[in-house]
Amino acid sequence: MLSGGGPIETFDERVGKTTVKYLTVFDGPGAPVDYDLSSFRKKTIGFGRAPDNDILLRSPHINDYHGQLYSVKGEWYLDVFERRRPHGEAREQGRQLFGGDSVLLGDADTAVTGTLILCSGARRKVRWQSRRLLGRVETVVGSAPGSDVQLRAGGVSSVEARILSTVEGIYLVADSAQDKIKVNGAPVTKKHFLYEKDVITIGSVPLVFSNMQLFWQAADPGIRIEAKRINKVVGRRNKTICDDVSFTIEPGELVAVVGKSGAGKTTVMNCISGYSVPNGGEVSVGDVDLHENFADLKASIGYVPQQNIVYDSLTLESMLGYAAKLRMPAKTDASERRATVDRVLAVVGLSEHRKTLIKKLSGGQRKRASIAVELFSDPKIFFLDEPTSGLDPESEHKIMQTLRQMTLDGKTVVYSTHSTLDLHLCDRILFIGDGGKLCFSGSTDEALGFFAVSELRDIYGLLADDTEVWHRRFEAREGPAEKKTETGRILDKSGRRTLNPVRQTLVLLRRNLHVSVNDRMRTLLLLIQAPLLGFLISLIADDQQYVQYEFTKGLLFALSCSAFWLGLLNSIQEVCKERAILRREFMTGLRLSSYIVAKVIAMAVICAVQSVLLTSTYALLVGLPDTGVFDGSAYPEFLAVVFITALAASSIGIFISALFKNADRAMAMAPILLVPQLLFSGLIFELKGAAESLSALATCRFSMEAFGTTANLNALTLRLQEQGIVMERLVEYCYLYTGEHFLFALALIAAYIPAACVLSWIALRSIKKEQP
């Protein structure tokens, strides 16, 4: 668009084009006025000064009947009439409008009182903000909190530009990369003088200079999603659960995918969100193929599964604080993170509950907390699986209000549901029938007309009676899917730099410890087991410990198994109970290596406390050898063996937990893991052949070697020797009384830790293929 002279009507067209749905009109010096073209409910919309125009303009430079907009097959065109012939031949006839175009009705001399029309492809009401520039020396424009003009849109840097007010006029000074800022479509790299009704674009955000004020959109208009003939089959019999589905979701729409349980609505949503790859068809976001570029795009896609993705034991503020550290860009400072937490809490309407433990929130509030976690990634597309399931009507309505607000903040929101309570808030509804057949796509009013019903809930009965009929009727109305065309603006695939592995591990470690401290009952039960097991061992002790070989060996084996049990119980449900959280964080940049290492270190802290309690109780009630293998107290050596054994067992528990999605199934493995410690430790049975080889998998075998070395089992009296039988005592090399052998046994136990970590990493790699 030109504004320093030139033609009266000019256009600024984008390469990626979207259908116009909305207009914003800057009429003379007044504030912008928004118009939803669909609200006129007519094919031709007139504009001018005459009172009978659909869009009334008051600028003295506008004719009574200045022009008209008309629709052909859903696309809008512009006619501008001759000044003296308002009903005669159009001077600009048939010019098609696209989202992002701007039309200036005026020239350089009349721009102040002229009219500017901005076209938007978003089917939502765009909120505008303003700032008066006169008298302000400098106005900073960027994404950083505290900016005079803060733009919360993807691809906008902390400081993009500065607007200077001087005696000569208003200047724009670009601080960002070349060609990133444009004025009326022309790149600006340095200092640029601003004229009335100039349109500035920074990334995808338009700003308008009008009447010595700067107007800008509060957010960008979201991303378009297009599905083309997607199919999904499962099982050996190739059951179809998504059948040749095609539809388009416009930027900034709130969309409900509706259907009864088992119809396939979640499958359709998973296919268009990237979590499930269809067997046929294609899905594009912006103008990018979703599944071919999912690794690049996943950070820009938010997904809230049916399971809540928050920790019940944390306060809402703490949970969001950790989410901010993990998901926001690495260079974000603490003040910006706190400001973002405040903003996110306001968006989901939970500001007054920031200090409340999540487990004390209601079901609807916990669901909104899960939504808040996803907002830190600033996704442009947001998917939610059954967000209102099991909620009361009031909670459901609050969820829907939150989703509607998110579309006003520049997000395209898609959710699955079987409820029709608040569907009137949606811009589009997709009705899915049996077998994953698309039976309708459109607005609520269009749905009532298409199915000829007065209530949306009546549609369920129609689809249950004959899905195929409605599927064919809808296909006949829509026609075959067209060839893919340019769609919307390009989704930013550059991603954002997350924390480096060390810092990410530290954040996760701190969160793990915070969860353990807050979950007092579980942590107390884990810790109290240690002295309890030590006490139970003492009940079978007598004066024969560290004197009689077989009895001492039995006590040490009981101590070894106790340490193994403590460590295993700490972690065997640790991963599977938070698998939904892990899956989402992995999709937003979490490193599996950081996650596993943080878990092991957190387990090490718990194991350390348990080891002190178990070893101390054992030492107090049972006793220890007079000296250790290093000629000092035996306590440090016993403590080290107990700790390393417990930590090795915890690492194994993490691996087992990574294999299962269900915490109860993982827990069922605990006895199975304990049995090999009994069979292959060498205490009950003599190990030969294959049994001796398998004993290398028994952690307690090496714990026994370490304990036996410290207790110098080779020097103790055998039971037969006590009975007076003279026999030669053979030295058992597994209990060789040397410091080197003790350390070697300790190293073998410790080797289980990295081995289990690697196995856990391999097991969790499949999480990216799991559907929510």
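Buried here means under 20% relative accessible area, exposed means over 50%, and partly exposed is what lies in between, using a 1.4 Å probe and protein chains only. With that in hand, Y35 is buried, and so is F40. This is a predicted model, in which local features need pLDDT of at least 70 and side-chain atom pairs count only at pLDDT 80 or more, while totals for chains, interfaces and linings use all residues. Residues are numbered from 1 along each chain as its sequence is written, and side-chain values use heavy atoms, with hydrogens and water left out. Helices (H or I, at least four residues) and strands (E, at least two) are DSSP runs, numbered from the N terminus.

**Aromatic pairs**

- Rings of Phe, Tyr and Trp (its six-membered ring) pair if their centres lie within 6.5 Å; planes under 30 degrees apart count as stacked, over 60 as edge-to-face and the rest as tilted.
- The structure holds 20 aromatic pairs by that rule. One of them joins Y35 and F40, which are stacked with 6.2 Å between centres and 25° between the planes.
- A cluster of linked ring pairs takes in F431, F440, F450, F451, W470 and F474.

- Two strands pair if DSSP finds at least two bridges between them. In general, strands of a sheet pair through backbone hydrogen bonds, either parallel or antiparallel.
- Strand β23 covers residues 254-258, and five of its five residues are buried.
- L254, A256 and V258 point one way from β23, while V255 and V257 point the other way.
- Strand β28 (residues 412-417) runs parallel to β23 and is joined to it by five bridges. Here V257 stands opposite S416.
- Strand β29 (residues 428-433) also runs parallel to β23, with four bridges between them. In this pairing A256 stands opposite I429.

**An open antiparallel sheet**

- Which order do the six strands of the open sheet follow? The order is β10-β20-β19-β18-β15-β16, with antiparallel pairing.
- The edges are β10 (128-132) and β16 (186-188); each has a single partner strand, so one side of each is left without a neighbour in the sheet.
- Neighbouring strands of this sheet are turned by 25° against each other on average, direction ignored. For such angles, axes are lines fitted to C-alpha atoms (for helices, over the stretch in contact), and angles run from 0 to 180 degrees between N-to-C directions.
- Three bridges join strand β15 (residues 181-183) to β16 in the antiparallel sense. I181 has V188 of β16 as its bridge partner.

**Salt bridges**

- A salt bridge is a side-chain nitrogen of Lys or Arg within 4 Å of a carboxyl oxygen of Asp or Glu. The count comes to 28 salt bridges.
- K437 and D243 meet in a salt bridge at 2.5 Å, N to O. This pair links distant parts of the chain, with K437 in strand β30 (residues 437-442) and D243 in strand β22 (residues 239-249), 194 residues apart. K437 counts as buried at 16% relative accessibility.
- K228 and E226 form another salt bridge, with their closest N and O atoms 3.0 Å apart. K228 is buried at 13% relative accessibility, and E226 is buried at 6%.
- E574 and R522 are joined by a salt bridge whose closest N and O atoms are 3.7 Å apart. E574 lies in the loop between α12 and α13 (579-587) and R522 in helix α11, so the pair ties together parts that are 52 residues apart in sequence.
- Is E574 buried or exposed? E574 counts as buried at 8% relative accessibility, whereas R522 is partly exposed at 26%.
- R522 and E574 belong to a network of salt bridges that also links K577, E578 and K599.

**A nonpolar surface patch**

- Patches are made of residues with over 30% relative accessible area and no salt bridge; like charges are joined within 9 Å and nonpolar side chains (Val, Leu, Ile, Met, Phe, Trp, Tyr) within 5 Å. Accessible areas come from the Shrake-Rupley method with a 1.4 Å probe, and for residues only the protein chains shown count as cover.
- L532, F535, L536, L539, I540, L620 and L621 make a nonpolar surface patch of about 720 Å². The elements giving two or more residues to this patch are α11 (520-538) and α14 (592-621).
- Helix α11 provides the largest share, three residues.
- I540 sits in the loop between α11 and α12 (549-571), and I540 is exposed, with a relative accessible area of 53%.
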